[in-house]
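Please look at the sequence and the structure first, then read the points below.

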Amino acid sequence: MEKFKIEGGKRLEGTVRVSGAKNAALPAMAAALLTSEPVHLRNIPRVRDIVTMGKLLAHMEASVEMSPATPDEVTIRAEKLSDAEAPYELVKTMRASVLTLGPLVARTGYARVSLPGGCAIGARPIDLHIHALEKLGAEISTEHGYVEARSKRLRGAQLCFEKITVTGTENAMMAAALAEGETLIENAAREPEISDLAEMLNAMGARVEGAGTSTVRIRGVEKLHGATHTVIPDRIEAGTLLVAGAITGGELLLTHCEPKHLTAVIDKLAQAGIVIRAEGNGLRVHNGGPLTAVDVTTEEYPGFATDMQAQYMALMTQAEGTSAITETIFENRFLHAQEMVRMGAQITVEGRRAVVRGPARLSGAHVQASDLRASASLVLAALVAQGETIIERVYHLDRGYERLEEKLGAVGAKIERVR
Ligand code: UD1
């Protein structure tokens, strides 16, 4: 199993290019199942989740072209779909496999997708996805750990999500795109990845309005066609890199990012004393002096993303004062805290709240990554720790960060992937 070896205490300086958003690329790939024509996607990050989604589509007998010559492009042709199943082996490594459920049942009338089960950061059920598809007229049964959906043609319906769900909204949008009549999704997620999916569906001939607000209207069409779509920049990778620049007292210019998707993160970092300014299609960050402790509560977009909570905690270990970090989206998303404590951080966790006392002198240690964003937070803590940190299980990080060690290494971090 691969590990990272990081020698802390190096100031980061230079320019880093932000990759395309994993969480926009995954639904875009699933949406390619909605048409028999080729779909060409650009700005796709070459991360493990994308490879897993590629395998999943190939398992369904779609052709998936990922060429080493153009690593950020993928072409998918789902001409015939002979096996409309997402098997356990693939779903267990990537919950977002559930994104194939809506497109498959809408296009072929049948889908069989393994239930994702628990994951490190909480139970994460898919009841809301199932309920939405039922409302659209699919007959659903769950047996032997699989959810099976059947339908002749889905019918548009009024949906109101009981709780805001990102992939649930995406599944419903994709299914409704080919349904008969109009669908209204209320209490829809408002994440930029939802708007990006709507843009792609519309380029394929769908009629989606209101994405990015809590009411999305979809007028179903009979057929969708091929399209070319460029996915949005990864706002979580960008946020992680902003923290990397600030925590090391360095100065970084992030290029190819979308500052308006990062408003909540930039506001918090600015309150903590970090100087960030827009520059072209990028952001320049530098640490303006001592960091101040600032509380944060995770929320759905446009609030502070749960996917930035762990990285923010790493930053707060270096801030003067006490900060409370409240996690409202997932019930068990503080696994990184205990590893940071092993590095010398002062953090206490009580239920959904973590209290961080800083600044703490972190020292390098042997630590273990438990999930994607937790891994990133340990890299950040290691960048500022004295001495050497070994991070085990970086396969979690590889799910969602493209060549992070190369990107950080190029701006001055001493970081190495070792076996
Ligand atoms: C997506 C993101 C993930 C991010 C999360 C929250 C992708 C591929 N992943 O995950 O990076 O952390 O949004 O911003 O885009 N829930 C239910 N029943 C359901 C669905 C969700 O109870 O059927 C709950 C979840 O357990 C969680 C909350 O709703 O507590 C929000 O989850 P959701 O928005 O669905 O997360 P994902 O779409 O899986």
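**The ligand and its surroundings**

An oxygen atom of the ligand is 3.0 Å from an N or O atom in the side chain of Arg95. This is a polar contact, a pair of N or O atoms within 3.5 Å; within protein, one must be able to donate a hydrogen and the other to accept it, and residues adjacent in sequence count only if both atoms are side-chain atoms. The model is predicted: local features need pLDDT of at least 70, side-chain atom pairs count only at pLDDT 80 or more, and totals for chains, interfaces and linings use all residues. Residues are numbered from 1 along each chain as its sequence is written, and side-chain values use heavy atoms, with hydrogens and water left out.

**Contacts and cover**

- Helix H5 (127–135) and helix H6 (166–177) are the elements that give two or more residues to the shell. Helices (H or I, at least four residues) and strands (E, at least two) are DSSP runs, numbered from the N terminus.
- H5 gives the most, with three residues.
- The ligand is surrounded by 19 residues, and the closest are Asp127, Thr165, Thr167, Asp307 and Ile329.
- The shell residues divide into eight nonpolar, five polar and six charged. Ala, Val, Leu, Ile, Met, Phe, Trp, Tyr, Cys and Pro count as nonpolar, Asp, Glu, Lys and Arg as charged, and the others, Gly among them, as polar.
- Domain 1 (3–19 + 233–418) and domain 2 (22–230) each supply at least three residues of the shell. The domain bounds come from an automatic or database domain assignment.

**The sheet with strand E1**

- Four strands in the order E22-E23-E1-E24 make an open sheet with mixed pairing. Two strands pair if DSSP finds at least two bridges between them.
- Strand E22 (366–368) and strand E24 (414–418) are at the edges with a single partner strand each, so one side of each has no neighbour in the sheet.
- Strand E1 (residues 3–7) and strand E23 (residues 388–392) run antiparallel and are joined by four bridges. Phe4 has Ile391 in E23 as its bridge partner.

**The sheet with strand E19**

- A mixed open sheet of four strands has the order E18-E19-E21-E20.
- Its edges are E18 and strand E20 (346–350), each with a single partner strand, so one side of each is left without a neighbour in the sheet.
- Six bridges link strand E19 (residues 321–326) and E21 in the antiparallel sense. The bridge partner of Thr322 in E21 is Arg357.

**Backbone details in loops**

- The peptide bond from Tyr301 to Pro302 is cis, with omega near 10°. Pro302 is in the loop between strand E18 (296–297) and helix H10 (309–316).
- A cis peptide bond also runs from Gly358 to Pro359, with omega near 0°. Pro359 is in the loop between strand E21 (353–358) and E22.
- His256, a residue other than glycine, has a positive phi, near 55°. His256 is placed in the loop between strand E15 (251–255) and helix H9 (263–271).

Definitions and conventions: A residue is near a molecule or strand if one of its heavy atoms lies within 4 Å of it.
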